Amino acid sequence: MINFVYLISTEWNWQRFKSPYVISGLVVMLLGVIILIFSNKIAYHITLKIKDADDKKLANVGLIVKSVAFLVAVIGALLAVLFVS
């Protein structure tokens with residue numbers, strides 16, 4: 001059986017947070033989460049700039065903004081976890 005407490009305590013120590021990849025990954029992930037929180041407002045402002053905007057265009061722009069925010073958060077999380085020196 002795998003002892004997860006031992007793995008977490010040995011793999012995740014404070015030395016890992018000194019890596020620039022982990023720091024930049026956490027910053028990018030935080031940026032993605034902030035964009036995701038404000039995605040409705042961002043989509044609304046983008047839709048206002050489009051001519052002949054309607055609810056369907058707002059929904060499409062909102063979906064695109066949420067997808068980009070989710071992608072940024074996933075890239076930040078992967079950067080923080082995978083590229084550790």
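Q: How many helices and strands does the chain have?
A: Helices (H or I, at least four residues) and strands (E, at least two) are DSSP runs, numbered from the N terminus. In this predicted model, the chain has four helices and zero strands. Read from the N terminus, the order of the elements is α-α-α-α.

Q: What percentage of the residues in the chain is buried?
A: Buried means under 20% relative accessible area, exposed over 50%, and partly exposed in between (1.4 Å probe, protein chains only). Of the 85 residues in the chain, 18% are buried.

Q: What is the accessible surface of the chain, and what share belongs to carbon and sulfur atoms?
A: Accessible areas come from the Shrake-Rupley method with a 1.4 Å probe; for residues, only the protein chains shown count as cover. The chain has an accessible surface of about 6,800 Å², and carbon and sulfur atoms account for 74% of that surface.

Q: Among contacts between residues at least 6 apart in sequence, what percentage joins residues at least 24 apart?
A: Contact means heavy atoms within 4.5 Å. Here, 62% of the contacts between residues at least 6 apart in sequence join residues at least 24 apart.

Q: Which residues make the nonpolar surface patch?
A: Patches are made of residues with over 30% relative accessible area and no salt bridge: like charges are joined within 9 Å, and nonpolar side chains (Val, Leu, Ile, Met, Phe, Trp, Tyr) within 5 Å. A salt bridge, in turn, is a side-chain nitrogen of Lys or Arg within 4 Å of a carboxyl oxygen of Asp or Glu. In this structure, Leu30, Val33, Ile34, Ile37, Phe38, Ile42, Ile46 and Ile50 form a nonpolar patch of about 680 Å². Helix H2 (20–37) and helix H3 (39–49) are the elements that give two or more residues to the patch. The most comes from H2, with four residues.

Q: Where is Ile50 found, and why is Ile50 classed as partly exposed?
A: Ile50 sits in the loop between H3 and helix H4 (55–82). Ile50 counts as partly exposed because its relative accessibility is 31%. Ile42, another member of the patch, lies in helix H3 and is partly exposed, with a relative accessible area of 33%. Leaving aside neighbours within four places in sequence, Ile42 is in contact with Ile35 and Val65. The C-alpha atoms of Ile42 and Val61 are 9.1 Å apart, and these residues are 19 residues apart along the chain.

Q: How is the span of H4 to be read?
A: The expected span of a helix is 1.5 Å times one less than its number of residues. H4 has 28 residues and reaches 40 Å from its first C-alpha to its last, close to the 40 Å expected.

Q: Which residues of H4 are buried, and what covers them?
A: The buried residues are Val61, Gly62, Val65, Ala69, Ala73, Gly76 and Ala80, and their cover includes H2 and H3. Ala80 counts as buried because its relative accessibility is 5%. Not counting residues up to four places away in sequence, Ala80 touches Tyr21, Val22, Gly25 and Leu26.

Q: With which side chain does Ser39 make a polar contact?
A: A polar contact is a pair of N or O atoms within 3.5 Å; within protein, one must be able to donate a hydrogen and the other to accept it, and residues adjacent in sequence count only if both atoms are side-chain atoms. The side chain of Ser39 makes such a contact with the side chain of Lys66 (3.0 Å). Ser39 belongs to helix H3 and is buried, with a relative accessible area of 1%.

Q: Is Asp52 buried or exposed?
A: Asp52 is exposed, with a relative accessible area of 71%. Asp52 is placed in the loop between H3 and H4 and has a positive phi of about 55° although it is not a glycine.

Technical notes
Residues numbered from 1 in each chain as written. Predicted model: local features only at pLDDT ≥ 70, side-chain atom pairs only at ≥ 80, totals over all residues. Heavy atoms only, no water.
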